[in-house]
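Subject: Structure handover and findings

Hello,

Here is the structure for you to look over. My notes follow below it.

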Amino acid sequence: MACLCCMEDLDFSILLAIEIMSDYELLYMLREGSKRRRVGTSHKEQRGRCRERVGNSKPKRTKLLNNRNHRSQTTTASTATQKQNHHHFWLVQVVWPLVHMAFFRSISALSRLRSRVGQQSNLADSVRWLQTQSSTNTDLFSELKELVPEYQERVKKLKKEHGNVELGKITVDMVLGGMRGMTALLWLGSAVDPDEGIRFRGMSIPECQKKLPGAFPGGEPLPEAVLWLLLTGKIPSKEQVDSLSQELRSRATIPDYAYKAIDALPVSAHPMTQFTTGVMALQVQSEFQKAYEGGIAKARYWEPTYEDSLNLIARLPAIAAYIYRRKYKDGKIIPLDDSLDYGANYAHMLGFEDPEMLEFMRLYVSIHSDHEGGNVSSHTAHLVASPLSDPYLAFAAALNGLAGPLHGLANQEVLRWIRSIVAEFGTPNISTEQLSDFIYKTLNSGQVVPGYGHGVLRQTDPRYTCQREFALKHLPNDPLFQLVSKIKEVVPPILTKLGKVKNPWPNVDAHSGVLLNYYGLTEENYYTVLFGVARSIGVAPQLIWDRALGMPLERPKSVTLEKLEQLCGKSS
Ligand code: NMX
Ligand code: MLT
């Protein structure tokens with residue numbers, strides 16, 4: 001700690017303290033490790049982790065302990081009472097080695113941090129780096145289990161000490177305006193800044209692309225990595241992500257009755273209707289429902305919620321692919337490939353093998369996963385889960401919200417609209433004037449321009465931008481991509497001129513369709529199913545945390561029109 005006092009840079013001191021704390025945490029783990037209840041393979045892995053860490057420091061420890069043994073033997077010979085021996089034993093055998101170890105590890109931490117901080121742009125980056133370094137556990141459940149008490153404590157403290165802090169005021173506009181701008185939900189995984197867009201656990205999309213493991217070096221972030229990040233707040237290593245990929249594959253078996261439930265619908269049913277039906281059929285296997293009926297204690301609700309969530313995420317691609325093949329292809333199921341990651345496997349089961357399409361699917365699923373808690377699908381899932389409905393019930397409800405054209409169905413509407421432009425002019429290669437006329441035609445017929453505008457964003461959606469970058473790299477000459485680029489120039493000034501649109505810029509849905517179409521997924525009515533599969537990766541972590549944090553049943557207060565008028569009369 002002496003080193004800390006010499007530090008001029010406060011950030012650096014904080015980093016050092018974090019590193020030292022993680023060393024003490026390790027000592028604590030070594031001591032407490034045997035007491036922990038272990039689950040499945042995670043037990044082995046955590047034991048492995050302890051062994052590995054002990055193993056690494058063994059030479060130092062052995063030397064120290066040998067020295068202490070030597071001194072201890074000498075001392076024992078010269079002391080008079082057993083009591084003194086006892087005290088000395090603890091001092092020499094336990095306390096002194098621990099102090100030594102912490103000291104030397106702090107010195108080594110200091111030197112590691114010195115070199116590391118030089119490479120980091122800011123404190124947040126360095127803290128995240130440290131968080132990554134502090135975990136080698138490849139079992140997500142046990143990783144989460146370690147975090148739960150800490151988060152519970154934080155929430156308890158907030159409630160106890162700051163329960164009355166005001167976060168804003170509620171206006172009539174908010175009540176009549178879809179609760180825009182009303183901060184009323186806790187959501188751990190992500191937050192949307194109106195100008196910068198989404199951050200997953202504080203990380204922007206470019207940061208995720210740089211720091212989360214991909215299928216190959218420099219590849220797009222793997223959806224499994226996003227899941228790990230959203231759930232734990234930690235950047236996973238490639239080893240952790242590979243382990244999660246494997247775990248998801250091992251959970252991906254679909255009961256036959258789920259296919260039969262979908263088959264009971266006419267093939268003409270919209271893919272989203274078929275998808276929700278499939279998810280409802282999967283609910284039959286809910287671990288949470290079983291555990292609740294078996295009388296599980298509230299403190300452990302999150303555990304079967306975790307099981308349901310991982311099973312749900314694991315099984316969605318196969319259900320979704322079945323719907324695609326049933327509706328648009330030969331109806332034959334393409335089995336999961338045990339060598340592929342989550343996003344690539346989904347593409348493979350749909351029937352695509354082009355490595356570029358597989359890579360696009362990784363990006364697609366990652367960026368569509370989460371968009372804080374207030375969007376219709378995420379909020380719906382959280383609301384429906386709040387009376388302890390299990391994750392399948394909650395997610396099926398979320399999908400029904402996603403299926404609305406102002407939310408997730410917009411991706412379908414965008415490609416349909418783009419196709420109608422091409423149909424109108426007989427070519428995608430049209431002038432700015434022609435495009436402008438078409439946009440006015442859309443608006444004058446009382447429709448919205450799909451893919452533009454947002455409830456929170458006030459700038460171009462970074463999810464649009466990263467898809468554009470992908471397109472620029474892989475399909476710059478695609479005529480529909482070029483049309484999408486032209487639309488991005490022409491729509492915003494027109495929407496701005498209307499004077500009422502708060503965000504004239506493109507959102508995530510403005511771009512995805514042309515990329516999917518380019519790679520051969522041309523059936524736009526299916527696009528929202530892709531969005532739905534991805535959204536499970538953002539929603540499920542929050543459902544788990546809702547149970548771990550004991551979040552209550554959601555039940556806001558409504559107001560009648562008469563009461564609202566009366567309240568307004570009073571305040572004017
Ligand atoms: N085209 C035409 N009018 C629009 C558009 C648009 N793209 N966006 C907003 N407006 C209108 C909106 O209909 C409203 O008109 P009115 O007062 O006559 O009802 C007015 O502008 C004010 O709306 P905003 O406050 O700017 O937007 P709001 O937060 O209410 O709605 C959306 C957000 C996303 C629902 C809206 O922008 C929209 O309908 N966009 C097109 C559909 C779309 O792309 N949805 C996908 C959103 C992303 N996602 O994946 O979920
Ligand atoms: C989403 O991804 O959920 C959409 O952008 C809608 C939203 O955030 O409201």
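Helices (H or I, at least four residues) and strands (E, at least two) are DSSP runs, numbered from the N terminus. By that rule, His379 sits in helix α18 (residues 376–385).

Some ground rules. This is a predicted model, where local features need pLDDT of at least 70, side-chain atom pairs count only at pLDDT 80 or more, and totals for chains, interfaces and linings use all residues; side-chain values use heavy atoms, with hydrogens and water left out. Residues are numbered from 1 along each chain as its sequence is written, while chains are lettered from A and ligands numbered from 1 in the order in which they are written.

Buried means under 20% relative accessible area, exposed over 50%, and partly exposed in between (1.4 Å probe, protein chains only).

Arg326 belongs to helix α15 (residues 302–328). Arg326 is buried, at 14% relative accessible area. A polar atom of the Arg326 side chain lies 3.4 Å from the backbone oxygen of Ile262. That is a polar contact: a pair of N or O atoms within 3.5 Å; within protein, one must be able to donate a hydrogen and the other to accept it, and residues adjacent in sequence count only if both atoms are side-chain atoms.

Ligand 1

A residue is near a molecule or strand if one of its heavy atoms lies within 4 Å of it. Ligand 1 is surrounded by 21 residues, and the closest are His407, Gly451, Tyr452, Lys500 and Asp509. The His407 side chain places a polar atom 2.8 Å from an oxygen atom of ligand 1. Lys500 has a polar side-chain atom 2.8 Å from an oxygen atom of ligand 1. With Tyr452 the backbone takes part: one of its N or O atoms is 2.7 Å from a nitrogen atom of ligand 1. On its own, ligand 1 has 880 Å² of accessible area, and the protein covers 76% of this. Accessible areas come from the Shrake-Rupley method with a 1.4 Å probe; for residues, only the protein chains shown count as cover.

Ligand 2

Around ligand 2 are His371, Asn375, His407, His454, Arg463, Phe531 and Arg535. A side-chain N or O atom of His371 is 2.7 Å from an oxygen atom of ligand 2. For Arg463, a polar side-chain atom is 2.7 Å from a ligand 2 oxygen. For Arg535, a side-chain N or O atom is 2.8 Å from an oxygen atom of ligand 2. The protein covers 83% of the 260 Å² of accessible area that ligand 2 has on its own.

Cysteines

How many disulfides are in the whole structure? The search finds zero. A disulfide is a pair of cysteine sulfur atoms within 2.5 Å. The closest cysteine sulfur to that of Cys208 is in Cys466, 10.0 Å away, so the gap is too far for a bond. Cys208 is buried, with a relative accessible area of 3%. Cys466 is also buried, at 4%.

Over to you.
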